[in-house]
Amino acid sequence: MQKKALIVWGGWDGHEPRQVGEVFARILRGEGFAVEVSDTLDAFKQPGLADLDLVVPVWTMGEIAPEQVNPVIEAVANGTGLAGCHGGMCDAFRKDTSWQFMTGGNWVAHPGNAEQRYRVEFKRCSSPLVDGLADFDITTEQYYLHVDPVVEVLATTRFPTARGYHAANGPVDMPVIWTKRWGAGRVYYNSLGHHADTFDIPAAAESMRRGFLWAAEGKRHAREQGRGAKEWTS
């Protein structure tokens, strides 16, 4: 059965949401997904949302209404995957803590802005999401995030690389890529992706491709194991 994905893009234009959405649509279609692309948050209200294998938000800042966010929260809890990048997922809907709870973190700063040069370091672990990927340097925004302690960190970057009050705390490894579970669903986040050309870097594009596939596969596992949101709330 063909997997189905929904990409919803919008919000702050500086993150090139339409262009990033197009990159992600090409990746997913290349993997055989049927992809729907929408530029309205009302797409989250569609009756078939819970039947999707994957939801990909590409929406920086803005506000989301309860009737838009709640179907996503419940769909993911029942096995639909959630995967996204940069501000499009973890700087979306700053007033909505339920979204932040589900996604696993939230942007708070990017010292040095988009001209910052830093290294992305993959964790040496057994996860197939990082198997064979080599560390790389990139010049773009370096996200300082407030992160859920339950996430599994797959890649990090070292702070500080720019001067600022945060540097008084000394060196710290900040998560760049992580996964977490939300009920029966899988959540994947990658803090790279300030502009669409970030994904011209092979390791960045490959990381997203693997993340999409991993998150979407959770739907099949949930179905086979008979798992859903009720397991975690009753």
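Helices (H or I, at least four residues) and strands (E, at least two) are DSSP runs, numbered from the N terminus. The model is predicted, so that local features need pLDDT of at least 70 and side-chain atom pairs count only at pLDDT 80 or more, while totals for chains, interfaces and linings use all residues. Residues are numbered from 1 along each chain as its sequence is written, and side-chain values use heavy atoms, with hydrogens and water left out.

**View 1. Glu36 in strand E2.** Glu36 belongs to strand E2, which covers residues 34-38. With a relative accessibility of 36%, Glu36 counts as partly exposed (buried is under 20% relative accessible area, exposed over 50%, partly exposed in between, with a 1.4 Å probe and protein chains only). Neighbours within four places in sequence aside, Glu36 is in contact with Ala5, Leu6, Ile7 and Gln46, where contact means heavy atoms within 4.5 Å. Ala5 is 31 residues from Glu36 in sequence, yet their C-alpha atoms are 6.3 Å apart.

**View 2. Ser191 in a loop.** Ser191 is located between strand E11 (185-190) and helix H5, in the loop that joins them. Its relative accessibility of 3% makes Ser191 count as buried. Beyond its neighbours within four places in sequence, Ser191 is in contact with His86, Tyr143, Leu145, Pro175 and Val176.

**View 3. The largest nonpolar core.** A nonpolar core is a set of buried Ala, Val, Leu, Ile, Met, Phe, Trp, Tyr and Cys residues joined through side-chain atoms within 4.5 Å. The largest one holds 39 residues, of which Phe24, Leu28, Leu54, Phe199 and Phe212 touch the most other members. Helix H5 (residues 202-225) supplies the largest share of this core, eight residues. Another core, of 34 residues, lies apart from it and includes Leu52, Trp107, Phe159 and Tyr189.

**View 4. The surroundings of Phe199.** Residues up to four places away in sequence are not counted here. Phe199 touches Val20, Val23 and Phe24, as well as Cys85, Leu192 and Gly193. Ala204, Ala205 and Met208 are also touched by Phe199.

**Setting of the views.** The protein as a whole has six helices and eleven strands. Along its principal axes, the C-alpha trace spans about 50 × 35 × 35 Å. Of its 234 residues, 54% count as buried. Among contacts between residues at least 6 apart in sequence, 73% join residues at least 24 apart.
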